[in-house]
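Here is a quick tour of a few spots worth a look. Have the model open and follow along.

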Amino acid sequence: MTKAKPKRTYKDSVFADLFGADKSAKSNFISLYNALHGTQLPLDCELRHIRLEQILYMNFYNDVSFLVDNKIIVLAEHQSTVNLNMPFRFLEYVVRLYEQIQNPRDKYLRRLVKIPSPEFYVFYNGEEDFPEYKTLKLSDAFMTAGSQPNLELIVEVVNINQDKAHTILAQCKPLAQYSLFVETVRKHLKLDREKGFEKAVQECINNDILKEYLERKSREVMNMLLSEYDYATDIAVQREEEREIALEEGARQNKLETAAVMKSMNYPLDDIHKITGLSEAEIEKL
């Protein structure tokens, strides 16, 4: 009997909850949409939340996608280095979204079937220096570049750190308050790893930053923060391990190249072994 695989459970990030899942998410998202487009969509406009099994991130939901105003709007947040491969990742993501919202038989019709226009945004609030605004293109990754690529996907990256003072923060109060919240969390976490989240949440409530949201969901928010920062730590550890492996592989390659040169110059095996640390068997294979 085949043992059933356990169903993977994903946790929301605070960003995904605030703009995609919470009871205030619709008004927050519409505020952000209007800020991005210079529109005035009303709160009662038709809005369809589209949620996929995670393919952008491994452990938790850190993205928001809605069908609104004949557009698919996909939002993601980065609190660490912006991943330059986001256009490729969004490409996979949006294909899955279309599969979810379109009739699979539509693509076989002879007449042209209209589909919602996709838009992709990444909001960056990490600590590394990053411009106020940057555009990422799928075509930048192509091995051969033409003047007009046959396939393109554009991602708009917006730096929402307070010191950048991007105009969107003045136009969207929920995003501005979220930016302040992240800044407060980061500050307290540096001072107190054990109780930093709790202190940050309390300071934000005291200063009327996401006050209603945090008062209502303070415990859930702290659990979400723990998941987010655990994930960020895992990624940092993985990258450090990758750097160490790369250094080790580079050092070994240098030893092999040195041994090969010495062997070609007829150095004794014992001398090559002492200088490079390679075994005689490894040297003889060169």
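## How α5 and α6 pack

In this predicted model, helices α5 (residues 173-191) and α6 (residues 196-206) pack at about 140°, and their axes sit 8 Å apart. Angles have to be over 145 degrees to count as roughly antiparallel, so this pair goes down as oblique. The crossing of α5 past α6 is right-handed.

Who does the touching? On the α5 side, the residues are Phe181, Thr184, Val185, Lys187, His188 and Leu189. They meet Gly196, Phe197, Lys199, Ala200, Val201, Glu203 and Cys204 of α6. Sorted by type, the residues of this contact come out as 7 nonpolar, 3 polar and 3 charged.

Across the whole structure, a search gives 9 aromatic pairs. Take Phe15 and Phe19: their ring centres are 5.2 Å apart and their planes meet at 40°, so this pair counts as tilted.

Both of these residues belong to helix α1, where they are 4 residues apart, or about one turn of the helix. Phe15 and Phe19 are both buried, too.

Is Ser24 buried or exposed? Its relative accessibility is 17%, and the cut-off for buried is under 20%, so Ser24 counts as buried.

Which residues does Ser24 touch, leaving aside those up to four places away in sequence? The answer is Leu18 and Arg216.

## Two positive phi angles

Most residues other than glycine have a negative phi, so exceptions are worth a glance. Asn70 is one, with a positive phi of about 60°. Leu210 is another non-glycine with a positive phi, this time about 50°.

Asn70 lies between β4 (63-68) and β5 (71-78), whereas Leu210 is in the loop that runs between α6 and α7 (211-264). As for accessibility, Asn70 has a relative accessible area of 65% and is exposed. Leu210, at 8%, is buried.

Definitions and conventions: Residues are numbered from 1 along each chain as its sequence is written. This is a predicted model: local features need pLDDT of at least 70, side-chain atom pairs count only at pLDDT 80 or more; totals for chains, interfaces and linings use all residues. Side-chain values use heavy atoms; hydrogens and water are left out. Buried means under 20% relative accessible area, exposed over 50%, partly exposed in between (1.4 Å probe, protein chains only). Contact means heavy atoms within 4.5 Å. Axes are lines fitted to C-alpha atoms, for helices over the stretch in contact, and angles run from 0 to 180 degrees between N-to-C directions. Helices (H or I, at least four residues) and strands (E, at least two) are DSSP runs, numbered from the N terminus. Angles under 35 degrees count as roughly parallel, over 145 as roughly antiparallel, 65 to 115 as roughly perpendicular and the rest as oblique. A crossing is left-handed if the near helix is turned anticlockwise from the far one by less than a right angle, and right-handed if clockwise. Ala, Val, Leu, Ile, Met, Phe, Trp, Tyr, Cys and Pro count as nonpolar, Asp, Glu, Lys and Arg as charged, and the others, Gly among them, as polar. Rings of Phe, Tyr and Trp (its six-membered ring) pair if their centres lie within 6.5 Å; planes under 30 degrees apart count as stacked, over 60 as edge-to-face and the rest as tilted.
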